Amino acid sequence: MTDDVREELLIKAFVDLGGHLVASDFDLFESLNSLIEHSVALCSMAAAGLVLVDGAGDLKVMASSDENVRFLELLQLRTGHGPCLDTVRSGEPCSSVDLSAETGRWPEFVEHAESLGYHAVYAVPLRWRAETIGAFNLLHIERRELPARDARVARALADLAAIAIVQDREIRATTELNHHLQNALDTRVVIEQAKGALAERGDLELSEAFHLLRAYSRRRRLRLTDVAAGVTDRSIPCEHILQTHRR
């Protein structure tokens with residue numbers, strides 16, 4: 001990646017994420033997915049996933065670049081170990097340039113990550129002062145370090161995402177915050193249902209179905225959550241969304 005391309009991507013990322021901060025209809029789910037997309041592109045990684053501490057203090061998977069990474073994030077929560085969990089617990093970045101050397105630390109995560117073709121990981125905390133409110137994994141298919149420049153970008157993106165979350169928390173009372181985060185988690189369920197319906201109807205992979213949902217929402221300037229709800233209640237026919245894929 002040339003410096004000019006990198007600078008353009010960096011500007012786009014901060015304009016995009018900054019726009020979420022000032023939007024009147026702030027959508028936490030969409031903001032976190034944008035963070036994932038930008039971090040993968042800017043850091044030249046293969047994939048990424050993000051977990052967030054909910055109102056009850058539990059970790060939940062909130063965003064992933066594809067279904068394989070979502071599986072790895074859920075695996076960490078189920079087994080109680082993995083780079084994201086270590087990062088949340090310590091509040092510091094956690095990395096491995098060669099996952100095959102981490103079987104003692106993260107046995108199930110390493111086994112499944114390598115089976116999916118990932119061999120290096122860099123986990124970044126989402127922090128607000130002394131509180132760690134989440135973390136995200138950057139995964140690569142090669143055994144390599146994340147360059148210091150890319151690590152700084154990843155931390156900056158994580159900090160901006162944390163500010164977005166905290167801003168939302170400070171605007172709302174505690175009960176509203178819990179309701180909002182629960183809505184975000186409920187939204188995840190609706191989106192998963194919509195992805196499944198679209199994938200079945202169009203004979204697609206779940207990741208392809210998700211990209212079609214996002215493309216449709218952006219093209220129509222609709223919220224992703226509204227499009228997913230429309231698919232599940234059939235007010236938006238799957239065929240309308242699949243038409244673009246078939247062209």
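Two strands count as paired here if DSSP finds at least two bridges between them. Strands are DSSP runs of E with at least two residues, helices are runs of H or I with at least four, and both are numbered from the N terminus.

This is a predicted model, in which local features need pLDDT of at least 70 and side-chain atom pairs count only at pLDDT 80 or more, while totals for chains, interfaces and linings use all residues. Residues are numbered from 1 along each chain as its sequence is written, and side-chain values use heavy atoms, with hydrogens and water left out.

I start with the sheet. It is open, with five strands in the order β2-β1-β5-β4-β3, and the pairing is antiparallel. The edge positions go to β2 (59-64) and β3 (94-96); each has a single partner strand, so one side of each has no neighbour in the sheet. From one strand to the next the twist averages 20 degrees. For angles, axes are lines fitted to C-alpha atoms, for helices over the stretch in contact, and values run from 0 to 180 degrees between N-to-C directions.

Now the β1 and β2 pair. Strand β1, residues 47-53, is joined to β2 by five bridges, and the two run antiparallel. Opposite L52 in this pairing is K60 of β2, and opposite L50 is A63 of β2. The two strands form a hairpin with five residues between them, and in the turn G57 has a positive phi of about 90 degrees.

Which helix packs on the sheet? Helix α4, residues 83-90, does, touching β1, β2, β3, β4 (120-128) and β5 (131-140). Contact means heavy atoms within 4.5 Å. The direction of α4 makes about 150 degrees with that of β5. Six of the eight residues of α4 are buried, so the helix is largely enclosed by the rest of the structure. Buried means under 20% relative accessible area, exposed over 50%, and partly exposed in between, using a 1.4 Å probe and protein chains only. The buried residues are P83, C84, L85, D86, T87 and V88. Just after α4, G91 takes a positive phi of about 75 degrees.

Last, a helix pair. The axes of α8 (residues 206-220) and α9 (residues 224-232) come within 9 Å and cross at roughly 115 degrees. On the α8 side, F210, L213, R214, Y216 and S217 meet L224, V227 and V231 of α9.
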